[in-house]
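Try each one before reading its solution.

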Amino acid sequence: MKFQPLKTLLFSTALFTTSACGTVVKLVDPTEPYRAYAGTKYDVEMARRWGLPILDLPLSFLLDTALLPYVWSQSE
């Protein structure tokens, strides 16, 4: 039981570093404007190539949904 806080810290760090990274990649990409669900589309594309980003897909979907007001404000 002594190592429980360490396990929790490691798990939280791993979860945080992999959370919605497709959305973050597309959001900070200066070459094109951010579009609705761009991170989710990016994760699907990467999952087809590598397979692993499929784990990130639900988190990118949630963050993309939260960013919809930002996308709508940029389109006007």
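Helix axes here are lines fitted to C-alpha atoms over the stretch in contact, and angles between N-to-C directions run from 0 to 180 degrees. Keep in mind that this is a predicted model.

**Exercise 1.** Work out how helix 3 runs relative to helix 4.

Start with the geometry: helix 3 (residues 38-50) and helix 4 (residues 57-66) pack at about 160 degrees, and their axes are 7 Å apart. Angles over 145 degrees count as roughly antiparallel, so helix 3 is roughly antiparallel to helix 4. As for handedness, the crossing is left-handed.

Next, look at who touches whom. Helix 3 brings Ala38, Gly39, Thr40, Asp43 and Val44, and these meet Leu57, Ser60, Phe61 and Asp64 of helix 4. Sort the residues of this contact and you get 4 nonpolar, 3 polar and 2 charged.

**Exercise 2.** Find the aromatic pairs in the whole structure and classify them.

The search turns up 2 pairs. Take Tyr34 and Tyr70: their centres sit 6.4 Å apart with 45 degrees between the planes, a tilted pair. Tyr34 is in the loop between helix 2 (21-27) and helix 3, while Tyr70 is in helix 5, 36 residues away. Tyr34 is buried at 9% relative accessibility, whereas Tyr70 is partly exposed at 38%.

Now Tyr37 and Phe61: with centres 5.5 Å apart and planes at 20 degrees, the pair is stacked. Tyr37 belongs to the loop between helix 2 and helix 3 and Phe61 to helix 4, so the pair ties together parts 24 residues apart in sequence.

**Exercise 3.** Is Trp72 buried or exposed?

Trp72 sits in helix 5 (residues 68-75). Its relative accessible area is 53%, and the cut-off for exposed is over 50%, so Trp72 is exposed.

Technical notes
Residues are numbered from 1 along each chain as its sequence is written. This is a predicted model: local features need pLDDT of at least 70, side-chain atom pairs count only at pLDDT 80 or more; totals for chains, interfaces and linings use all residues. Side-chain values use heavy atoms; hydrogens and water are left out. Helices (H or I, at least four residues) and strands (E, at least two) are DSSP runs, numbered from the N terminus. Angles under 35 degrees count as roughly parallel, over 145 as roughly antiparallel, 65 to 115 as roughly perpendicular and the rest as oblique. A crossing is left-handed if the near helix is turned anticlockwise from the far one by less than a right angle, and right-handed if clockwise. Contact means heavy atoms within 4.5 Å. Ala, Val, Leu, Ile, Met, Phe, Trp, Tyr, Cys and Pro count as nonpolar, Asp, Glu, Lys and Arg as charged, and the others, Gly among them, as polar. Buried means under 20% relative accessible area, exposed over 50%, partly exposed in between (1.4 Å probe, protein chains only). Rings of Phe, Tyr and Trp (its six-membered ring) pair if their centres lie within 6.5 Å; planes under 30 degrees apart count as stacked, over 60 as edge-to-face and the rest as tilted.
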